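The sequence and the structure come first, and the notes follow by topic.

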Amino acid sequence: GVPSRCIPRGVAPTCWRRHCRTMTAVDEARSYLNSRLSARLTDDRLIQGTFMCLDRQGNVLLRDAVEVGRDSASHERHLGIVLVPLRYIRSCRVPKPPAAA
């Protein structure tokens with residue numbers, strides 16, 4: 001099957017390119033704008049940054065991005081603005097917002 005990459009929770013693991021054309025997926029992606037996002041790459045690097053954009057090809061644009069070391073304590077390399085191509089994204093995570101009181 002198709003690996004789940006940045007597919008929103010609750011969406012069947014179908015092809016992201018096909019799915020991102022539906023309004024539901026666009027609205028879902030829009031809800032994450034300006035949120036912190038962690039992208040695990042195919043070479044096992046972790047890139048963290050503020051989610052700015054998702055283009056039609058599924059590429060992710062992050063600002064204030066940093067590359068975090070494999071053990072989280074080894075290093076943090078500041079990258080600035082980065083475009084992460086879909087083909088290199090293994091998974092994405094957006095922390096859950098705190099529950100409303």
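In what order do the five strands of the open sheet stand, and is the pairing parallel or antiparallel? The order is β4-β3-β2-β1-β5, with antiparallel pairing; two strands count as paired if DSSP finds at least two bridges between them. The model is predicted, so local features need pLDDT of at least 70 and side-chain atom pairs count only at pLDDT 80 or more, while totals for chains, interfaces and linings use all residues. Residues are numbered from 1 along each chain as its sequence is written, and side-chain values use heavy atoms, with hydrogens and water left out.

**Confidence**

- The mean pLDDT of the protein is 78, and 67% of its residues reach 70 or more; pLDDT is the predictor's confidence in each residue, from 0 to 100.
- Among the elements, β3 has the highest mean pLDDT (95), and helix α1 (residues 16–19) has the lowest (50).
- Over residues 11–16 the pLDDT is below 50, and this stretch has 14 contacts in the model beyond near neighbours in sequence. A contact means heavy atoms within 4.5 Å.

**Elements and overall figures**

- The protein has two helices and five strands, which run α-α-β-β-β-β-β from the N terminus on.
- Helices (H or I, at least four residues) and strands (E, at least two) are DSSP runs, numbered from the N terminus.
- Of the 101 residues, 32% count as buried. Buried means under 20% relative accessible area, exposed means over 50%, and partly exposed lies in between (1.4 Å probe, protein chains only).
- Among contacts between residues at least 6 apart in sequence, 40% join residues at least 24 apart.

- Strand β1 (residues 36–41) is joined to strand β2 (residues 46–54) by five bridges, and the two run antiparallel. In this pair, L37 stands opposite G49 of β2.
- β1 also pairs with strand β5 (residues 89–93), in the antiparallel sense and over four bridges. S38 has R93 in β5 as its bridge partner, and R40 has S91.

**Positive phi**

- Most residues other than glycine have a negative phi.
- β1 and β2 form a hairpin with four residues between them. D44, in the loop between these strands, has a positive phi of about 75° although it is not a glycine. D44 counts as partly exposed, at 32% relative accessibility.
- D64, in strand β3, is another residue other than glycine with a positive phi, near 50°.

**Nonpolar core**

- The largest nonpolar core has twelve residues: L37, A39, L41, I47, F51, V60, L62, A65, V82, V84, I89 and C92.
- The elements that give two or more residues to this core are β1, β2, β3, β4 and β5.
- A nonpolar core is a set of buried Ala, Val, Leu, Ile, Met, Phe, Trp, Tyr and Cys residues joined through side-chain atoms within 4.5 Å.

**Salt bridges**

- A search of the whole structure finds five salt bridges. A salt bridge is a side-chain nitrogen of Lys or Arg within 4 Å of a carboxyl oxygen of Asp or Glu.
- E67 bridges to R77, with the closest N and O atoms 2.6 Å apart. This pair links distant parts of the chain, with E67 in strand β3 (residues 60–68) and R77 in strand β4 (residues 76–84), ten residues apart. E67 counts as buried at 8% relative accessibility, whereas R77 counts as partly exposed at 45%.
- D64 bridges to R63, with the closest N and O atoms 3.5 Å apart. R63 is partly exposed, with a relative accessible area of 29%.
- R30 bridges to D27, with the closest N and O atoms 3.5 Å apart. Both residues lie in helix α2 (residues 23–31), three residues apart, which is about one turn of the helix. D27 is partly exposed, with a relative accessible area of 39%.
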